[in-house]
Amino acid sequence: MPVQTLKWQDDALVLLDQTSLPEYVTYEACRDVESVAKAIEVLMVRGAPAIGLAAAYGVLIGARAAVNDSRDIFYTCVHRAIERLRQTRPTAVNLFWALDHMKNVLEGCADLEDNEFICDRLLEEANRLFAEDQEICRRMGTNGAALLPANGQIITHCNAGGLATADYGTALGVVYAAHEQGKKIAVFADETRPLLQGSRLTAWELQQSGVPVKVICDNMAATVLRKEAIACCIVGADRIAANGDVANKIGTYGLALMAEAHSVPFYVVAPVSTLDVSLDSGDEIPIEERSGDEIRNGMGKWTAPTDIDVYNPAFDVTPHHLVSAIISEQGIAHPPFESTLRTWALEASKT
C-alpha cells in the first residue's frame with residue numbers, strides 16, 4: 001500500500017487520518033483510550049478490520065496507563081478501556097471480536113501480579129491480530145481473484161481496501177491480487193454518500209496503486225451496469241449473519257438490487273472475523289445512525305436547511321438472495337450460505 005493505515009510506534013497507536021484524505025496525508029498519535037475511541041467514532045480510522053485492530057491497541061494503551069498501579073486498579077482500568085471502546089460503533093462486529101481477544105488474554109493472566117508482563121502479553125496479542133489480518137487480506141485476495149476475468153470492469157462501493165485493514169484490503173484486495181496476477185481490471189468506484197469514502201478513499205487508493213479507476217455518483221451505478229460491460233460488483237462487509245445477510249455501508253443494498261436487475265454477479269469479501277453466526281439473519285444486526293449534519297453540512301458546506309430533520313443510517317443490510325458469493329480467507333461460499341459460514345466460524349473458533 002502507498003501508505004500505512006495504522007501502526008504501533010513509541011507506545012502510541014499512530015493512525016492515518018482518513019478524514020483528511022485525499023487532500024492531506026497526515027498521521028495522529030493516540031496515547032490514551034479516549035483518543036482511540038474518538039478516532040473510531042469520527043472515522044479517522046474506519047473499515048471493520050482496521051477498527052478492530054485500533055481497538056486492540058486501545059486496550060493496550062489503557063493497560064499501559066495503569067501499569068504502575070495496584071493489581072485491582074490495573075484490571076479496573078483495562079476493563080474500563082474495553083467497555084469504552086465497545087461503545088464506539090455498533091455495527092462492525094470485528095470491533096467486538098478484537099476486544100474479546102484482548103479480554104481473553106487479560107483473563108488468562110488473572111493469577112499474575114506483574115502488570116508489565118500482562119502489558120507485554122496484550123501487545124503480543126494486538127501484534128498477532130495485526131499480522132494475522134495482513135495474511136488474511138492476501139488469502140482473501142487470492143481466493144477472490146479467481147472469480148475475476150482476465151480483462152474486465154467492476155463496480156465497488158465505499159472503501160474496502162488497504163485503508164480499511166492492515167494490508168491491501170478485502171474487496172479491493174481481490175482487485176490488487178488480480179492486478180498482481182496480470183489481469184487487466186478497471187474499477188468504477190461509487191462516491192458513497194454521504195461521507196464519500198468511495199471518491200475520497202477508494203479512488204485515491206486505487207490511483208496511488210496504479211489500478212485504473214473512475215468515480216461515479218451513487219445514482220449513476222444503474223446506468224453503468226446497463227451501458228458498460230461490468231464483470232461483477234465487489235464490496236466488503238461489516239457484519240454477516242448466519243444466513244448470509246450482509247451489513248455494509250449504506251447504499252450497498254441498492255447496488256445489489258441493481259446488480260440483480262442487470263444479471264451481474266454480486267460478491268462480498270470479508271474475513272471470517274466479520275461473521276456473526278449468533279444472528280440468524282440480518283434483521284438482528286444493529287445499524288448505526290449518525291449525525292444529521294453529515295448530510296446537512298457534508299464536507300463543511302450546508303446543502304440542506306440547517307434545521308431540517310435527517311435520517312442517516314450508516315449501514316444497510318443486503319439480503320443473502322442478492323449475494324452471488326461470499327469470499328473469505330477460508331475460501332468461497334456459494335448459496336445457500338449458512339452451512340459453509342457456520343463451518344468457517346467453527347473452524348476459526350478452534351484457533
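This is a predicted model: local features need pLDDT of at least 70, side-chain atom pairs count only at pLDDT 80 or more; totals for chains, interfaces and linings use all residues.
Colleague: Helices (H or I, at least four residues) and strands (E, at least two) are DSSP runs, numbered from the N terminus, so where is Asp 10 found?

Modeller: Asp 10 is in the loop that links strand E1 (6–9) and E2. Residues are numbered from 1 along each chain as its sequence is written, and side-chain values use heavy atoms, with hydrogens and water left out.

Colleague: OK. Is Asp 10 buried or exposed?

Modeller: Asp 10 has a relative accessible area of 61%, so it counts as exposed. The cut-offs are under 20% for buried and over 50% for exposed, with partly exposed in between (1.4 Å probe, protein chains only).

Colleague: And what is phi of Asp 10 near?

Modeller: Phi sits near 55°, a positive value, and Asp 10 is a residue other than glycine. Cys 158 is another such case, a non-glycine residue with a positive phi, near 65°.

Colleague: Where is Cys 158 found, and is Cys 158 buried or exposed?

Modeller: Look in the loop between E4 and H6 for Cys 158. With a relative accessible area of 6%, Cys 158 is buried.

Colleague: Switching to prolines. Which residue does a cis peptide bond join to Pro 22?

Modeller: Leu 21 is the partner, and omega of that cis bond is about 5°. Pro 22 belongs to the loop running between strand E2 (12–16) and strand E3 (27–30).

Colleague: What about the bond from Pro 335 to Pro 336, cis or trans?

Modeller: Cis, with omega near -10°. Pro 336 falls in the loop between strand E14 (331–333) and H11.

Colleague: Let's do strands. In what sense do E4 and E5 pair?

Modeller: Strand E4 (residues 151–156) and strand E5 (residues 184–190) are parallel, with six bridges. To count as a pair, two strands need at least two bridges by DSSP. If you want a landmark, find Asn 151, which faces Lys 184 in E5.

Colleague: How many bridges do E4 and strand E7 pair over?

Modeller: Four, again in the parallel sense, with E7 covering residues 230–235. On that side, Ile 154 has Cys 232 of E7 as its bridge partner.

Colleague: Back to E5 for a moment. Is Ile 185 buried or exposed?

Modeller: Ile 185, which lies in strand E5, is buried because its relative accessible area is 4%.

Colleague: How many bridges join E8 to E11?

Modeller: Two bridges, and strand E8 (residues 239–241) runs parallel to E11. Ile 240 is a handy place to look, as Leu 275 is its bridge partner in E11.

Colleague: Now a helix. Where is the place of Ala 126?

Modeller: Ala 126 is in helix H5. Its relative accessibility is 0%, so Ala 126 counts as buried.

Colleague: How many residues apart are Ala 126 and Asp 316 in sequence?

Modeller: They are 190 residues apart, and the C-alpha atoms are 30 Å apart in space.

Colleague: Last topic, aromatics. How many aromatic pairs does the structure hold?

Modeller: Three. One involves Phe 74 and Tyr 75: the ring centres are 5.8 Å apart and the planes stand at 75°, so this pair is edge-to-face. Rings of Phe, Tyr and Trp (its six-membered ring) pair if their centres lie within 6.5 Å; planes under 30 degrees apart are stacked, over 60 edge-to-face, and the rest tilted.

Colleague: Is Phe 74 buried or exposed? And is Tyr 75 buried or exposed?

Modeller: Phe 74 is buried, at 0% relative accessibility. Tyr 75 is buried too, with a relative accessible area of 11%.
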